[in-house]
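Have the sequence and the 3D view open side by side. We'll walk through this one step by step, starting with a single pair of residues.

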Amino acid sequence: MLIKTATFVVSNTNHKDCPKDGKPEFAFIGRSNVGKSSLINMLTGNKKLAKTSSTPGKTQLINHFEINEQWYLVDLPGFGYAKVSKVARLKFEKFISEYLLERSTLINTFVLLDSRLEPQKIDLEFMNWCGEKGIPFSMVFTKIDKISSSALQKNLAAYKKEMLKSWEELPPVFTTSSESHFGKEKILNYIGQMLK
Ligand code: GTP
Ligand code: MG
């Protein structure tokens with residue numbers, strides 16, 4: 001899969017205001033600061049496409065980026081951001097979950113997980129929720145440039161073990177670094193396969 005063009009289209013807080021042209025899309029979700037926006041920039045080869053920040057809570061809206069004039073990458077706000085008030089968090093979670101549940105052109109959701117951490121309750125709960133609701137997803141471990149390969153293998157194994165407690169088989173698993181561009185081809189090829 002070759003990305004020739006990547007253009008920002010629209011930001012909003014309601015799935016009903018998302019593009020209505022029926023083009024297929026792929027969304028990126030995960031805890032605040034896990035590297036969703038950076039991964040979109042890495043995949044598209046444009047560091048300025050999605051806004052990133054070292055401070056959690058940067059992406060607040062549903063952002064559509066049109067790729068090759070044929071499909072969309074969607075950058076979503078992070079969940080589990082402690083500094084957001086409870087009311088704001090509930091509103092947040094409502095529009096994100098509505099988007100995931102109602103968006104009929106959503107082909108796959110990439111759930112981003114920080115490769116440096118042991119399995120996190122909030123991430124496991126989110127993936128179990130996706131399973132219950134029949135939302136197809138893949139697991140993407142981020143920031144692998146920040147961890148040794150032995151520690152990475154240990155965390156991957158721990159995640160797999162946890163997942164297999166509630167799942168018969170694992171969804172596709174990717175390991176990535178937006179710094180070194182590791183994982184770029186694999187994710188783009190996977191998207192290419194799903195678009196066929
Ligand atoms: P929110 O929009 O706040 O939910 O965050 P996000 O998940 O979009 O994270 P973002 O892409 O803004 O990245 C957060 C921080 O992590 C930034 O400082 C990035 O530079 C850094 N970062 C993201 N991916 C990587 C990576 O693969 N390697 C390293 N070393 N840093 C990364
Ligand atoms: Mg972001």
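Start with Phe 8, whose bridge partner in E3 is Phe 65. Before going on, note that this is a predicted model, where local features need pLDDT of at least 70, side-chain atom pairs count only at pLDDT 80 or more, and totals for chains, interfaces and linings use all residues. Residues are numbered from 1 along each chain as its sequence is written, chains are lettered from A and ligands numbered from 1 in the order in which they are written, and side-chain values use heavy atoms, with hydrogens and water left out.

Strands E1 and E3 pair in the antiparallel sense over six bridges; two strands pair if DSSP finds at least two bridges between them.

Now zoom out. Seven strands make up an open sheet with mixed pairing, in the order E1-E3-E4-E2-E5-E6-E7. Strand E1 (6–12) and strand E7 (173–175) stand at the edges, and each has a single partner strand, so one side of each is left without a neighbour in the sheet. On average, neighbouring strands of this sheet are turned by 25° against each other, direction ignored. For these angles, axes are lines fitted to C-alpha atoms, for helices over the stretch in contact, and angles run from 0 to 180 degrees between N-to-C directions.

Which helices lie across these strands? Helix H4 (residues 149–166) lies across strand E5 (106–114), strand E6 (137–142) and E7, running at about 155° to E6. Helix H5 (residues 184–195) lies across strand E2 (25–30), strand E4 (71–75), E5, E6 and E7, at about 160° to E5. Contact here means heavy atoms within 4.5 Å.

Next, find the magnesium ion (ligand 2), which is coordinated by Ser 37 (OG) and Thr 59 (OG1), at 2.0 to 2.2 Å. The pair links distant parts of the chain, 22 residues apart: Ser 37 is in helix H1 (residues 36–44), while Thr 59 is in the loop between H1 and strand E3 (62–67). Donors are N, O and S atoms within 2.8 Å of the metal (3.2 Å for Na, K and Ca), and water is not among the atoms, so sites may look incomplete. Are these two residues buried or exposed? Ser 37 is buried, with a relative accessible area of 7%, and Thr 59 is buried too, at 11%. Buried means under 20% relative accessible area, exposed over 50%, and partly exposed in between (1.4 Å probe, protein chains only).

Thr 59 turns up again at ligand 1: of the 22 residues around this ligand, Lys 36, Ser 38, Gly 57, Thr 59 and Ser 178 come nearest. A residue is near a molecule or strand if one of its heavy atoms lies within 4 Å of it. An oxygen atom of ligand 1 is 2.6 Å from an N or O atom in the side chain of Ser 38, and one is 2.7 Å from such an atom in the side chain of Lys 36.

Most residues other than glycine have a negative phi. Yet Asn 33, in the loop between E2 and H1, has a positive phi near 80°. His 181, in the loop between E7 and H5, also has a positive phi, of about 70°.

How values were computed: Helices (H or I, at least four residues) and strands (E, at least two) are DSSP runs, numbered from the N terminus. A polar contact is a pair of N or O atoms within 3.5 Å; within protein, one must be able to donate a hydrogen and the other to accept it, and residues adjacent in sequence count only if both atoms are side-chain atoms.
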